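Hi,

Here is the structure I said I would pass on.

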Amino acid sequence: MSAPAAPPMRRSRLWDTLRDMAARPSGAIGLMLVVLHLVMALISPWIAPYDYREMNSAVILGGPTAEHLLGTDHLGRDVFSRVLLGGREALVVTGIATPIAMLWGGMLGVLLGLRGGWVDEALMRLVDAFLALPGILPLLVLITVFGSGNEVLTPTLAFFFGIPVIRVARAAAHEVVARDFISAARARGHSPLSIVRREILPNVTDTLLVEGAMRWSWMLLGFSALSFLGFGVAPPMPDWGLMISDARVYMSLAPWGVLGPVIALSSLIIGINLSADALAKTLGLDQGRKAVV
Amino acid sequence: MANPPLIDIQGLSIGFLGRSGAMLPVLHAIDLRVCRGESIGIVGESGSGKSTLALAAMGYLKHGLKKISGEVIYNGADMFARSTGELARIRGGQLGLIPQNSGQALTPTLRIGRQLHEALRLHCALPDGGHEARAIDLLTQVRLPDPAVILRRYPHELSGGQQQRVAIAMALAGEPDALLLDEPTTGLDVTTQAHILELLRDLARTRNMAMVYVSHDLGVIARVCDRVQVLYAGETVLEGPVQAVLKTPAHPYARGLLASIPRLGDRSLPRALEGRPPAPGSDRTGCAFAPRCALATDQCRTIRPPMVTGEAGQETRCFYPEQTTRIDMTGSGAPLSCCMADNPAALSLNRVAIRYDRPGALARFLPARPRPPATVDDITLTITQGETLGLVGESGSGKSTILKTIAGLLPPAEGTITLGDGTALTPRVEQRRPEQLRRIQMVFQNPDESLNPRQTVADILGQPLRLYFGLKGAERHQRAAALLETVRLGAHYLDRRPGQLSGGEKQRVAIARAFAATPDIVLCDEITSALDVSVQAAVLELLNDLKARHQTTFIFVSHDLTVVRALSDRVAVLYQGRLCEIGASAAVYAAPSHPYTEVLLNAVLEPDPDHAPRLLAEDATDLSPPARGCPFQRRCPVKCGSICDTDIPPWQKAADGHAIRCHIPLKDLAKTGPA
């Protein structure tokens, strides 16, 4: 809308976007959860009441008490302390792997969207073939071959979670490529890379940002699933997926054991999803509710 | 009038909730009365609130809009007070709406028959078995050939004109008492538009319907309406009988609007209306038009004028209706900058043919099938330096295709394109040298599409400056600002993004971007068709100016014969990708002319209620040109025999540089000159 000329003093776009997100209920709750988790991951080593390795044979599978807020696990370790610390590995690995996945998947997708032709066709069929596999399977294969550990997990996750991004980025680029400003740039004689950088990327970053947020939550789940299966974080490091796996065995004896890590993991995932939803609405990608004037 | 009004809108104000929490009006106290058998035109430019008014007449408001005050009385009761069930019965039944773009309004996945059936089931009491017969009857009424075949078709299989007719048939299904038409012919070809308008006129007369016709085009209004209401910035500024409003309008805005329309009979630039209308919902005191009005006084700027009675039954919102005659309504009379015919060539097309179909990978191994005729064929043209060549034709005539080929975006199947210095242009843009690329620049039809919404004006103008001249930093910034000056926008536009500009401003930026390359040849693809008439006039003026100053060669593509007339030195008429006629502008627009040119010229609408278009040929266009003979054989009103079906007609030289491609001898063509 032809708003009166915008005041020249504008804060950064990032700040504006975050503020608009926080103005929505979903964004406020989502951002709060995400920030809470990030802060917790940062300061947990200093606030955790117990050492995560400290075993206490006196209180194996103990219930929640004043000393142990969430009880103790099968080795007598404090569950609350381990829940506080249990997201750190996941956040670091996915925090690095997500941007890498977005970067390579996004760039490749946009280039394919611009170029089209048989290269595009061939690569997209490969992507389709990959997407037809259950996601965890190729992950497991690679980890069995190269071993676990963060230096393997990070690139592996970045690779596999980048593949679906190709599809999204290509679709977003397709919408832009059909528009006349791309024809205008081609007619002027700009190189494909220049067209991607100056004309297409600014128009697909919004879509990719929202997609990135969603990918992050998927990747967290994937990471936790690997830990749950014993391929992720190695004990005694605490990790939510691993903790759920351990506590699952004693569920009939100590049902509270799974509660802590489950709540922690799901609140983070829900927080990210809510934020992604609010981000999509703020950026106007959610076409459902767009004001007319 | 004796019969009571069917639609009676009283003091209707509609607004939206602004960020500040205040109600910002987009319509101010509108009164509108329509009786049976009467047809009212609502004229206004984009943003004037005319579509909002038409929808409000159905008791419908777009998302975000609210009624502030007033009533919309239909058939004795307020539409906004009726129940949802009642509204559902009235809408589409007694009260039909024909939208602007029927291609969008029809469901793409349902056959026409199903969609008509739906309308009939909801709004008429026929037994199920009677629907098919009724549907065929309706399609016959809207003059669609082969109605039984059309029923089985999907919307995308129909042309724009056919889709619009189906939309009219659907609106007629409920036997409506009143029709609301929201720009139903905008975007259609001149001939199709003329046919649809005749159809609507007849329907209104035979069925005694009330019609509310919303349009920005005064030519259309002149053809179908009895009375006209002119909207400006959400309020009625002039109301009266169509004769008076179009011939002796008593409001400065209406006069300015009429002056900005290019006309066939007047080879001069239309007069542009300076300034732009206030944004919807903006705060104002005094007359909304005062900032753009030549007659404005201090009184106009401080007090909102009331509606007063003016000349010839008009009601006008102006303090000085008797002085409005001082505002000239004829063209600007500005001499067109014209070039010497004997200038050297700037660009030559030699037997260029363009195809969209490509033989598939298997074609080589399959038995040869005859290929469909080329989309564009046998185009031989030479454009001299500093000349403006107008390319006219209906949609599908290949005008834009030819421009794309010159720009290198679409390689020709045959033929060559050479620059004035004799260097041949490579078919594909990727193989052209930067210097060649710089010399040919293109301006696209819709600036919303051709400007990247994420770039600032400085970025947009900076692209060619960086690419061709390697300009950086302050130097680039300075040059961009200078370019904005040449298109009469200030340097303060540099930081804006396209979303913050009006349609005309965006197109100026697009023109500035083309001129950033200091090109020899500028290709203009329907560059004014997405603009309001008053804005169009200003853009035409700008182009004429740039042409005089830079000696630039223009190829100006348009479906609008009057616009081409206003600007071009020479005109080439295209039909289905083949040239029919070419010559100096004055010669092409006069006799003798090609039968197709004749058809086009006669279908042009003038903003004059006494002018009637003549419909010489059917408007249906086949998708592909005929394989043999004259391309116009299927629609030609004066076809001279079987020779037209078999032989491609020869070029006949009518005068210096004027040639017509027809089998009919020139002296016979001259007899059937335009009325």
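**The sheet in chain B**

Strand E18 (residues 521-525) of chain B runs parallel to strand E19 (residues 553-558) of chain B, and five bridges pair them. Within that pair, B:Val522 has B:Phe554 of E19(B) as its bridge partner. Keep in mind that this is a predicted model.

Both strands belong to an open sheet of eight strands in chain B, with mixed pairing and the order E17-E18-E19-E15-E20-E21-E23-E22. At the edges are E17 (440-443) and E22 of chain B; each has a single partner strand, so one side of each lacks a neighbour in the sheet. On average, neighbouring strands here are turned by 20° against each other, direction ignored.

Now for the E22 end. Strand E22 (residues 651-655) of chain B pairs antiparallel with E23(B) over four bridges. The two form a hairpin with two residues between them, and B:Gly657 in the turn has a positive phi of about 75°. B:Ile660 in E23(B) stands opposite B:Glu581 and opposite B:Gln652.

**The core**

Which residues have the most contacts inside the largest nonpolar core? They are B:Val212 and B:Ile555, in a core of 263 residues. Helix H7 (residues 150-177) of chain A gives the most to this core, with 13 residues. Leaving aside residues up to four places away in sequence, B:Val212 touches B:Ile7, B:Val34, B:Ile40, B:Ile42, B:Ala54, B:Ala57, B:Leu180 and B:Leu181.

Cheers

Note on methods: Residues are numbered from 1 along each chain as its sequence is written. Chains are lettered from A and ligands numbered from 1 in the order in which they are written. This is a predicted model: local features need pLDDT of at least 70, side-chain atom pairs count only at pLDDT 80 or more; totals for chains, interfaces and linings use all residues. Two strands pair if DSSP finds at least two bridges between them. A nonpolar core is a set of buried Ala, Val, Leu, Ile, Met, Phe, Trp, Tyr and Cys residues joined through C-beta atoms within 7 Å. A residue is buried if 20 or more other C-beta atoms lie within 10 Å of its own, exposed if 12 or fewer, and partly exposed in between; C-beta atoms are placed from the backbone. Two residues are in contact if their C-beta atoms, placed from the backbone, lie within 7 Å. Axes are lines fitted to C-alpha atoms, for helices over the stretch in contact, and angles run from 0 to 180 degrees between N-to-C directions.
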